[in-house]
Structure formats: C-alpha cells, structure tokens
Amino acid sequence: MATYSSDSDNDFAPTSKLLGRQRPIHSVLGGGKVADILLWRDKRFSGAILIAVAVMWFLFEVVDYTFVTLLCHVSITTMLIVFIWSAGADMFGWTPPSIPKDLLQDTSFVDVASILHKKFNNFLSICHFVACGNDAKSFFLAIISLYLLSVIGNYISTLNLLFFGLLCVETLPFLYERYEEEVDYVAYKMKRQMRKTYRKFNADFLGKIPRGPAKEKKGK
C-alpha cells in the first residue's frame, strides 16, 4: 500500500477515491463483459477491438475510404472467401462454411436491444434531471463540457474525435485501475489546490464586491 506525506495540514484522506466513488472501478463500469473489455480482463478480445478501431480509422482518415466503398470491398472479399472455402470443402473434404447459430437466434438481438434501450433511457433520465436544474453543479459542468467539446470540434474532424474518444475509453479505465492509488492522490491534490484558489479568489475579489443591505423579512 503506497503512502504519501501531505505538504500542509493533515487533510489528505488515503481512502478518498476519484469523483468520490465508493465502489470498485469494475462495478462503476457496470460489471459483466463490458467492464471486462474496458479493463482488459480478456486481453485478446480487448486488443482485437482496439486494433479494429485503429484499422477503421486508418482506412477512413489516411486511405480516404468512403463508407460505401469500404462496405462494398468488404462484402466482395467476404463473398470470395466463402466461395473459395465452399469450393474447397467439396474438393478436400473441409467443413463447409456456416453462420454461427448465436447470430441466428432472436434472443441475441433482443438482449442487445434491451441493454441499449435501458442505457439510452437512463441517459435521457439523467439529462432531463440535470436540464431541469435539479443539480446546479452538474448543469453548469455539462454546459461547460459541451462548449469545450464544440470548440475542440472546430479544430479536429469528427472521425479523429471519435477515434480519440474510443481510444480513451479503451485505455484510461485500464490505466486507472493499474495506477489507482497514484491517480487518486494526484486528483486529490488538484482538487485541494482548486479549493484553495477559489477561497483566495473569493476573499480577494468576490468578498469585496459591495452588496446592498439585506431586506428584512416581513412578519406574517
């Protein structure tokens, strides 16, 4: 267990977690297969997804493929592979190509649609709750984040921004779980410094703004 010494008072809490979370990062990410992929518990599958995303970005951004052209070329290649495989199965006794049974089951599509539906409903509920002003901190944080994202979008293409976002999703949770104590400590130090800066700004500027006398409340 790593320990750190505080540079001022003893206000460092060793148990403080990033964003004040109480649960393990695996539970925060929802648990199950999605969390396993993001945390690289299945390294082969996580690596395959990361490579696939990188290849897609390379084809669209560097090679300048369009979606329709890429879709057609992939379909042509797939059909040729299936044709050669099927012809070789008759000549050399190979197992003929077949579609995996899991893809043909209705329950597979229903399960995926149900998960996406629940996630989308939860997202809409949170957006509605914040937009109604029930959480002022989250409201202003969302406004600032969206504005910064719009500014970044002026200088970075949508494809590059999407690729960068997927890259962060694939790597940051894994790196955080691996260096959790160090990240929590740095985040705590930054949060404490921001509080000190705000207190100083409040005392030097905001506190000196003249205000009118407080109105007395009328008795009933």
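## The whole protein

Start with the surface view. The accessible surface of the protein comes to about 18600 Å², and 68% of that belongs to carbon and sulfur atoms. Keep in mind that this is a predicted model.

Switch to the cartoon. You will find nine helices and zero strands. Read from the N terminus, the elements run α-α-α-α-α-α-α-α-α.

Now colour by accessibility. Of the 220 residues, 12% count as buried. Next, turn to contacts between residues at least 6 apart in sequence: 55% of them join residues at least 24 apart.

## The salt bridge

Select Glu177 and Arg41. Their side chains meet in a salt bridge, with 2.5 Å from N to O. Glu177 sits in helix H8, residues 158–178, while Arg41 is in the loop between H2 and H3, so the pair ties together parts that are 136 residues apart in sequence. Why can such a pair form? Side chains of opposite charge can pair when their charged atoms come close.

Check the cover on each partner. Glu177 is partly exposed, because its relative accessibility is 26%. Arg41 is also partly exposed, with a relative accessible area of 45%. How many salt bridges does the structure hold? The count is one.

## Two residues with positive phi

Stay in the loop between helix H2 (32–38) and helix H3 (43–62), and select Trp40, which is placed there. Trp40 has a positive phi of about 60°, although it is not a glycine. Most residues other than glycine have a negative phi.

Move on to Asp64. Asp64 is found in the loop between H3 and helix H4 (67–92). Its phi is positive too, near 65°, and Asp64 is a residue other than glycine. Is Asp64 buried or exposed? At 59% relative accessibility it counts as exposed, because the cut-off for that class is over 50%.

## The second largest pocket

About 660 Å³ of space lies in it. Which elements give two or more residues to its lining? They are H2 and helix H6 (106–131).

Zoom in on Val34, which is placed in helix H2. Val34 counts as exposed, because its relative accessibility is 52%.

## The cysteines

For the last stop, select Cys127 and Cys132. At 34% relative accessibility, Cys127 counts as partly exposed. Cys132 is partly exposed as well, at 48% relative accessibility. How many disulfides does a search of the whole structure find? The search finds zero.

Conventions. Residues numbered from 1 in each chain as written. Predicted model: local features only at pLDDT ≥ 70, side-chain atom pairs only at ≥ 80, totals over all residues. Heavy atoms only, no water. Helix = DSSP H or I, 4+ residues; strand = E, 2+ residues; numbered from the N terminus. Buried < 20%, exposed > 50% of the residue type's maximum accessible area, 1.4 Å probe, protein only. Disulfide = S-S within 2.5 Å. Contact = heavy atoms within 4.5 Å. Areas by Shrake-Rupley, 256 points an atom, 1.4 Å probe, with all protein chains shown as cover. Salt bridge = Lys/Arg side-chain N within 4 Å of Asp/Glu carboxyl O. 1 Å grid on protein atoms, 1.4 Å probe; cavity = no way out; pocket = protein on both sides within 12 Å on 5 of 7 lines; lining within 4 Å. Points joined across faces, edges and corners; volume = space filled by probe spheres on them.
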